[in-house]
Structure formats: structure tokens, C-alpha cells
Amino acid sequence: MASSSPASSSYGFFFFIVLSLCSLSLTRSSTIGVEYISRLLEIQDQERAPPSVQVAAARGVLRRLIPSHSSSFDFRIVSKDACGGESCFIISNHLSPSIHGTPEILISGLTGVELSAGLHWYIKHWCGAHISWDKTGGVQLSSVPKPGSFPRVQDAGILVQRPIPWHYYQNAVTSSYTFAWWDWERWEKEIDWMALQGINLPLAFTGQEAIWQKVFQNFNISNSDLNDFFGGPAFLAWSRMGNLHGWGGPLPQSWLDHQLTLQKKILARMYEFGMTPVLPAFSGNVPAALKNIFPSARITRLGNWFTVESDPRWCCTYLLEATDPLFIEIGKAFVQQQLKEYGRTSHIYNCDTFDENTPPVDEPEYISSLGAAIFRGMQSGDTNAVWLMQGWLFSYDPFWRPPQMKALLHSVPVGRMVVLDLFAEVKPMWSTSEQFYGVPYIWCMLHNFAGNIEMYGILDAVGSGPVEARMSRNSTMVGVGMSMEGIEQNPVVYDLMAEMAFQHSKINVKMWIDEYSVRRYGRYVARMQEAWSILYHTVYNCTDGAYDKNRDVIVAFPDVDPYIISLSQASIRHIYYQSNRQISRRAFLEETTADSYDQPHLWYSTSEVLRALELFLESGDELSGSNTYRYDLVDLTRQALAKYANQLFIKVIEDYKLDNVLGVARHSQKFLELVKDMDTLLACHDGFLLGPWLESAKKLARNEEQREQFEWNARTQLTMWFDNSEEKASLLRDYANKYWSGLLRDYYGPRAAIYFKFLIQSLEKGDGFGLKAWRREWIKLTNEWQSSQNEYPVESTGDALATSKWLYDKYLRDPDTYDH
């Protein structure tokens with residue numbers, strides 16, 4: 001990229017280097033993979049919404065984002081030729097900016113997404129604005145000039161091309177961890193956010209149960225049969241993948257109807273922007289009743305997926321083998337029913353038959369026949385179908401050796417399958433699989449599991465990985481993507497990753513971070529520059545290759561006999577990284593005994609992060625009015641206190657092993673007091689509240705019975721997650737843990753208090769720790785909390801800055817707070 005934007009010294013912002021129109025030829029780029037999908041791209045170009053519709057969509061974003069500036073921008077759809085043969089947006093000065101009330105800036109682009117991304121690019125890099133989710137501080141627009149005084153771009157205009165066609169978004173489970181209770185108002189905001197970030201390839205999974213209901217009726221499956229097939233609203237992702245059935249259900253008909261209506265609104269808006277929504281396809285997961293209706297069909301019952309006693313009420317789903325003729329019949333019916341309901345399709349379908357469902361035979365010929373049959377199920381309903389598959393299975397399942405991978409990937413004509421390199425920022429598969437053996441793929445950042453709240457990231461990998469992959473020899477890369485399990489956390493990571501959809505060269509992340517902090521808060525503050533430099537080199541520089549699944553003691557309390565807990569701080573490493581090899585979450589959980597200790601992940605110097613917190617606090621007088629600052633301050637204080645709590649817990653265990661009952665009592669009391677204080681801190685910002693999650697669930701209910709069911713779903717996903725008995729906790733307990741005010745006070749704190757009570761009783765009585773008794777009491781607490789209906793605030797209370805200062809002085813000011 002060449003030529004710089006005219007940075008105005010009056011704003012004091014650092015600006016990115018951008019490309020002028022005269023340097024157009026420097027940006028032309030392609031890969032072998034793009035050539036393979038060129039036919040699909042041509043079809044999608046032809047079927048896109050009319051230019052007037054896409055322009056209206058971009059105007060809608062502007063109106064909702066900055067209503068006071070709705071007349072300051074003009075939008076225009078242009079052809080690929082105007083973009084130099086690639087997807088692009090062009091920022092230029094309007095012809096008549098001096099006339100009051102006329103547009104000042106013209107944004108041109110190939111689609112409505114490009115228009116919206118161009119708008120974002122301009123206000124971000126020329127006006128110093130910042131856009132993040134509402135929960136993570138929302139937008140910072142105070143730096144955007146008043147209408148009539150926008151900074152002009154160079155006379156030739158600024159052209160920014162996509163180096164690669166697609167920008168993918170979502171994970172198959174984001175629909176449950178984050179989107180479960182969303183209404184249209186929230187979805188509209190998210191689609192706006194997608195468009196502003198340049199996302200043009202989002203999953204669109206909402207409402208598919210209503211489609212399945214209609215499809216299965218044609219195969220003589222009754223609605224009552226489906227009551228046992230679908231999971232509850234908070235667990236639909238896993239019933240769709242065939243991991244469980246019935247858990248949290250049944251689904252009311254009103255839910256099915258509402259979600260289908262919502263999906264139609266979602267798809268309509270995505271198409272208005274010119275997006276390419278990815279629809280689901282049939283993976284082979286079928287209701288149990290189908291086996292009775294078609295007794296000769298090759299239907300296999302799968303094994304137990306994390307129920308504590310193989311409970312048949314939700315365990316052991318049924319999979320129709322892809323080579324059975326019925327598979328293609330059902331696959332065709334599902335694709336056609338979607339086309340009938342929605343009126344159109346983008347021709348890309350997601351299907352993950354083998355995600356945690358390993359094929360029974362490893363013969364390449366057999367695997368190839370399975371893949372071909374799965375694709376025929378899509379193609380029979382849509383002749384232009386392309387199969388989008390998550391590549392997670394190749395990352396963790398040792399079954400998928402090169403011959404098996406090739407057999408599956410080559411079972412579909414080239415260009416008709418696209419693989420998501422799902423965890424490329426940590427464990428890229430493209431580089432170890434000869435670019436997926438010639439199959440197009442999308443470089444994805446996974447980053448987050450289950451929507452856990454943890455300051456974490458690998459910014460250097462994000463800023464360079466996609467470029468390295470695209471520029472590599474014989475690259476089959478066709479896009480970049482964000483495949484997190486849960487959103488609304490770590491906005492800095494997603495801001496950078498979204499930008500990589502338009503970056504042709506590696507990012508100087510240190511410079512980018514300096515600019516980020518200015519945009520984030522709307523002004524330059526020297527201490528914040530230093531603070532973010534520290535955060536960049538610590539919490540956002542995780543290079544140990546570990547999965548960051550938050551196992552802080554507060555939110556993932558150890559279910560163990562205290563004597564097995566190591567007291568060495570060197571042992572605080574990530575549980576998913578063993579012997580220099582990564583293992584799957586499922587494999588780890590299956591190998592874990594009830595007496596294992598999931599140790600927290602710590603990859604940085606806590607003393608350095610404390611220095612960053614001090615700088616944040618010192619900047620409070622200048623920035624306390626900024627919502628983005630208050631979110632970051634609460635999050636950073638929470639991060640520091642959470643790591644301190646881990647060490648407090650170790651001190652409790654150390655005292656226990658020394659038979660020091662007074663020490664156990666003193667340190668456990670301090671731990672419990674810290675949990676309550678952290679709850680007070682989290683209550684200071686809307687992004688850390690339990691109430692909105694629960695209230696959004698109840699809001700979708702049509703009667704009291706549904707209200708109780710939906711709230712139970714919402715509470716259970718956060719805590720026990722899945723099946724348990726009176727003495728055995730779910731293996732998925734705390735998987736979706738959250739640092740949310742209300743949850744700490746009423747669940748995590750009381751749970752820890754029970755454990756500490758049994759520690760003290762053990763020492764006073766002189767006998768062993770009552771592990772079974774502890775479990776019974778903890779599980780009873782969990783079941784009662786999951787079924788309770790007490791309400792929680794939906795709006796924040798308290799002063800974030802004052803509370804953070806108070807807690808810093810109380811717990812963190814002592815230089816001996818941390819051991820390192």
C-alpha cells in the first residue's frame with residue numbers, strides 16, 4: 001500500500017498508510033484458491049441485491065450510527081472494473097462540499113458491505129473514531145468533526161481493495177453462547193457491526209429447527225418425536241451437531257415460529273448489504289423415531305457425549321450414514337425447504353458431520369464415499385452448492401492422518417468445498433497440510449471459548465498470520481475470518497482482526513496499538529499509550545501455544561481433594577497443553593478424572609500488568625467520562641484481581657496442608673471477601689452484568705412455563721452446563737463461566753464458601769477432606785440456583801474509577817501481592 005492520508009494535526013491522531021488510486025496496480029493479488037471459487041463468486045455477483053437496495057442499507061447503518069451526520073456522506077455502488085477487478089471501497093471528496101447540507105465525503109464500493117466498511121475506514125482513520133460492541137464500551141464518536149468540517153482526503157481519492165474475497169464470521173456454537181436470546185433489535189445492531197467491519201460471509205443458523213420440523217413431517221416424524229430431538233434454546237448448537245438431544249427442551253411451537261420469523265429478517269438484511277449468508281446443511285443427525293420408520297436405513301447410535309451416567313434422556317444421538325440413499329433424500333429436502341422459506345440462497349452451506357463424530361472406518365475409499373454423499377445431499381437441492389466445513393477436526397482428532405484428510409477433502413470437486421482453518425492464530429493447519437491439499441480455505445482466528453471473560457490474545461499472530469498464509473507459495477486461501485465461540489469481549493483483538501480483511505501487508509502492531517488507544521478513548525493520553533504498550537507485550541502476547549479456556553479459581557472452582565493440588569506457581573500452566581502437544585477439549589475431559597485440578601492459565605508477568613493498571617488509574621481524571629475507558633478499566637482490574645484470587649486459593653491450600661486451621665480461615669475469608677468486592681466492581685459497567693442475559697431469555701417467553709424453562713436454560717449454561725447426578729458434577733461444568741455481577745455474589749462465592757467450610761471441618765475433626773459431601777452440597781447449591789428466579793439488575797451502578805481505585809488499594813498496592 002502506498003501514499004499516506006492527510007493526517008490533521010488538530011486531531012492529534014496517528015493515521016494508517018492507505019492506497020491512492022494512482023497505485024492501483026500495486027494491490028492486485030490472488031491465490032490459486034480464489035481461482036477455484038471464481039465461478040461461485042460470479043454467480044453471487046449476478047444474484048446480489050440491486051445497487052439501490054445496497055446503498056439504502058449503507059445509509060441505514062450511517063443513520064443508526066451517526067444520525068447527526070446522515071447528510072455528510074454519499075454512497076455509490078461501482079463495478080469490479082472500477083475497483084481494478086477486485087472487491088473494494090473508494091473514499092473521495094464530494095464534488096460540492098462547500099454547499100451547506102450537501103455531502104462532504106463520497107464512499108464508493110462494490111457492495112453495501114464495502115460501502116459500510118468504507119464509512120468505518122474513513123471515520124476510523126481520518127476522524128479517530130472507534131466502534132466496538134455495546135457491552136465492550138460501544139462507539140467512540142466524540143472525535144468525529146461536526147458536519148461541514150470533515151477532513152478531506154487526497155484529490156485522487158483513496159482506494160482500498162480486499163486482498164482476498166471473503167471475510168467470514170461466527171462459530172457453530174456462537175449461536176448458543178452469545179446469540180441464544182437475541183431479538184431483532186440486537187440482531188440489527190450486530191449486522192450493522194458486521195457490515196462496518198467488512199464481514200461478507202456470516203453464518204446464518206437461526207430458525208433452522210422450524211425448517212427441520214417441516215422437513216421431517218414429510219418423513220412421517222411427528223412434532224412430539226421432535227420434542228426429544230431438539231435441545232433447549234441455550235443448547236441448540238449441540239443438538240444440531242448431534243452431541244445431545246432433549247436437554248433443556250422441549251422447544252415450544254411459539255419459539256420455533258418466532259425464530260423462523262427472526263431468521264427471515266436476518267437474511268433479508270444480510271442480502272440487502274450484499275452479504276453471503278451461510279445456511280446449514282444436513283449432517284446426518286436424525287431423530288430416534290426415524291429408525292423405526294425406516295428400519296432398513298443405516299442409522300448408527302453414537303456414544304455418550306459427557307452425560308455422567310450415559311443418561312438416555314439426552315445421551316447417544318442417532319446418525320444416518322451418508323452413503324444411505326435416505327441421506328441424500330433428506331439433505332435435498334432440507335436445502336429445498338430453506339429455499340422455499342427464504343426465497344433465495346447464497347449457495348454456501350455449512351456441514352460438520354465429523355466434528356467430534358469420528359468415522360467408524362479409516363479406509364480412504366470409505367471416507368471419500370462419505371464426503372461425496374454428504375455433498376450430493378446439498379447439490380441435489382442446489383446445483384451450485386458449495387460445502388463450508390470447520391477444520392477443527394483436523395486440528396485435534398488423531399484419526400485424520402494425511403490419507404484420511406485427503407480422502408475427505410478430495411471427495412468433492414475442487415472449488416466446491418471450503419475449509420475453515422479454525423484456530424489459525426495458534427495452530428494453523430494450512431502450513432502443515434500442504435494448504436489443505438489444494439482445497440480452498442479461510443484463515444480464522446478462534447480466540448475465545450464459550451464467551452469466557454479473560455483479557456487474552458495473540459495480536460502479533462493476528463497482524464501477520466493472514467498475510468503470511470495468503471502470500472505463501474501455492475496458497476489456496478480465499479478469506480480471513482473470526483470463529484470465536486463467544487463475542488463481546490477483548491475488543492482490541494476483534495478490531496485488529498477485522499482490519500486484516502483489507503490489509504495487504506503485515507501490521508506493525510506496536511504502531512497500531514498506539515493508534516488504537518487514541519481512537520478507543522477519543523484523545524491522546526501519554527500514560528494510556530504506555531499502558532497499552534504493556535498490555536500488548538503481556539496479556540495480548542500469549543505465545544505458549546495453549547488454548548485459553550478460563551479456569552480461574554473463582555469461576556472454575558476446583559472439584560478436588562486439596563492434597564492433589566500443587567503449590568508450585570510454576571505448575572500454573574494451561575490444562576490443554578501437555579508434553580508439547582495440543583489435545584482436544586473432548587479428549588481432555590474424557591481423560592480427566594473427577595479428582596483432577598484444572599489449573600489456571602498464566603502466560604505473562606502479573607507485576608507488569610499491575611503497572612498497566614496503575615497507569616489506567618492515573619488517567620482516570622482525564623478519561624472517566626469515556627464508556628470505553630470505564631469498560632477497559634473494569635476489565636483490567638478484574639483481570640488483576642482474578643489472578644490474585646488464584647494465589648489466595650493456593651495460600652488456603654498451603655495452610656490446609658500445614659494443618660493451620662487459623663490460616664485456612666483467614667485466607668479463605670479474604671478470598672470470599674474478594675469475590676464480593678469483585679462483584680461490586682463488575683456492577684459498575686453494563687458489560688459485566690448477569691441481569692441482561694437472564695432478562696433477554698425471559699423476554700422471549702410467551703407464558704410462565706416458558707419463562708421458567710428459558711431462565712433455567714440461561715442459568716444452566718453458565719454453571720453446570722450439562723447433565724449431573726446428586727454426587728457427580730457435569731464434565732462441562734463452568735465451561736461457559738462468566739465474570740458477571742450477580743453470578744459472583746450468588747453462585748461462585750457461596751460455592752467457594754462450601755469448599756472452605758469442608759476444609760476447616762476436616763482440620764477440626766482431624767480426618768480427610770469430605771469430597772463426596774462437598775460435591776453433594778455444591779451440586780445442591782447449583783441445582784437450586786439454576787431453578788431460582790430472583791432478578792438481577794440490567795443497568796450498572798457505582799463509579800468504575802472510584803471502585804477500581806478502592807480495590808487496587810485494598811488488594812493490589814502491596815508489591816508482594818503476586819509471587820512474580
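I started with Ile91 and found that its bridge partner in strand 3 is Ile107. This is a predicted model, where local features need pLDDT of at least 70, side-chain atom pairs count only at pLDDT 80 or more, and totals for chains, interfaces and linings use all residues. Residues are numbered from 1 along each chain as its sequence is written, and side-chain values use heavy atoms, with hydrogens and water left out.

**Strand 2**

I noted what a strand is here: a DSSP run of E with at least two residues, numbered from the N terminus. Two strands pair if DSSP finds at least two bridges between them. Strand 2 (residues 88-93) and strand 3 (residues 105-109) run antiparallel, joined by five bridges. I then looked at strand 6 (residues 158-161), which pairs with strand 2 in the antiparallel sense over four bridges. There, Ile90 has Leu159 as its bridge partner.

Next I checked burial (buried is under 20% relative accessible area, exposed over 50%, partly exposed in between, with a 1.4 Å probe and protein chains only). Six of the six residues of strand 2 are buried. Cys88, Ile90 and Ser92 point one way, and Phe89, Ile91 and Asn93 the other. In a regular strand the side chains alternate between the two faces of the sheet.

**Strand 15**

Why is strand 15 (residues 417-421) largely enclosed by the rest of the structure? I found that five of its five residues are buried, so that explains it. Met417, Val419 and Asp421 point one way, Val418 and Leu420 the other.

Strand 14 (residues 386-390) runs parallel to strand 15, with four bridges joining them. I also saw strand 15 pair with strand 16 (residues 441-445) in the parallel sense over three bridges. In strand 16, Tyr441 is the bridge partner of Val419.
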